[in-house]
Amino acid sequence: MNYISLRVSNLIVLGLLCVPFFVVAAEFRTGDQPSFPSGETISEDLYMAGGNVTSAGTVRADLVAAGGTLIVNGPVSSDLMLAGGNITVLGAVGDDVRVAGGNILIQGAVSGDVLVGGGQVNLSGPRIGGDVAVAGGLVRLDVPVGGDVRIAGGQVYINSSIAGNVDIQAEEVTLGKYAVINGNFTYTATKAATMEEGAVLRGETNF
């Protein structure tokens with residue numbers, strides 16, 4: 001992981017750790033394999049920590065979790081904050097997502113912003129409504145984004161529609177055949193970006 005990736009990851013982890021000690025209206029689940037099963041619903045914030053963490057129920061507030069492996073299958077109405085080794089988010093998130101980890105996969109719809117730091121980052125799913133900021137070694141973006149995109153990484157692949165501007169610092173940049181950048185495209189790389197047939201740039205390009 002490069003310096004930028006490490007810095008962003010550290011900032012995210014620090015943010016996750018800066019949770020007030022006295023938390024009002026919250027539930028805590030810890031252990032080797034803490035879980036929030038499907039069928040359960042919680043209206044207050046949920047905090048989880050352990051080796052293998054699974055949340056499949058409905059969280060109507062914030063979900064904050066840390067562990068070796070984290071899987072979020074159920075919906076989260078507010079913010080989602082995760083730190084761990086392998087992270088998978090399949091459920092919809094009603095506000096922002098902040099994640100730091102090794103291997104990260106986000107496939108659920110996100111209404112707000114997404115801030116991610118990781119080794120391998122894969123963002124897909126129906127839509128991200130806000131902005132996206134990613135630092136990682138291998139970054140793949142296959143989800144429509146309603147705001148701006150900023151990426152620092154080694155290899156970056158974009159294959160979706162971006163409503164705003166795109167700013168990338170990477171070694172290699174590829175725009176897939178479904179990539180549509182409606183704003184300006186600014187990037188720094190070791191060579192010019194590879195554009196697959198079908199990719200569309202509607203704003204200015206700065207290399």
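## A buried aromatic pair

Phenylalanine 185 and tyrosine 187 are both buried, where buried means under 20% relative accessible area, exposed over 50% and partly exposed in between, with a 1.4 Å probe and protein chains only. This is a predicted model, in which local features need pLDDT of at least 70, side-chain atom pairs count only at pLDDT 80 or more, and totals for chains, interfaces and linings use all residues. Residues are numbered from 1 along each chain as its sequence is written, and side-chain values use heavy atoms, with hydrogens and water left out.

## Aromatic rings

Tyrosine 187 and phenylalanine 207 have ring centres 4.6 Å apart and planes at 15°, so this pair is stacked. Rings of Phe, Tyr and Trp (its six-membered ring) pair if their centres lie within 6.5 Å; planes under 30 degrees apart count as stacked, over 60 as edge-to-face and the rest as tilted. Tyrosine 187 has a relative accessible area of 7%, whereas phenylalanine 207 is exposed at 58%.

Ring pairs join Phe185, Tyr187 and Phe207 into a cluster. The structure holds three aromatic pairs.

## The nonpolar core

The largest nonpolar core has 49 residues, of which Ile106, Leu123, Ile158 and Ile168 touch the most other members. Such a core is a set of buried Ala, Val, Leu, Ile, Met, Phe, Trp, Tyr and Cys residues joined through side-chain atoms within 4.5 Å.

Leucine 123 has contacts (heavy atoms within 4.5 Å) that include Ile106, Val114, Ile128 and Arg140, leaving aside residues up to four places away in sequence.
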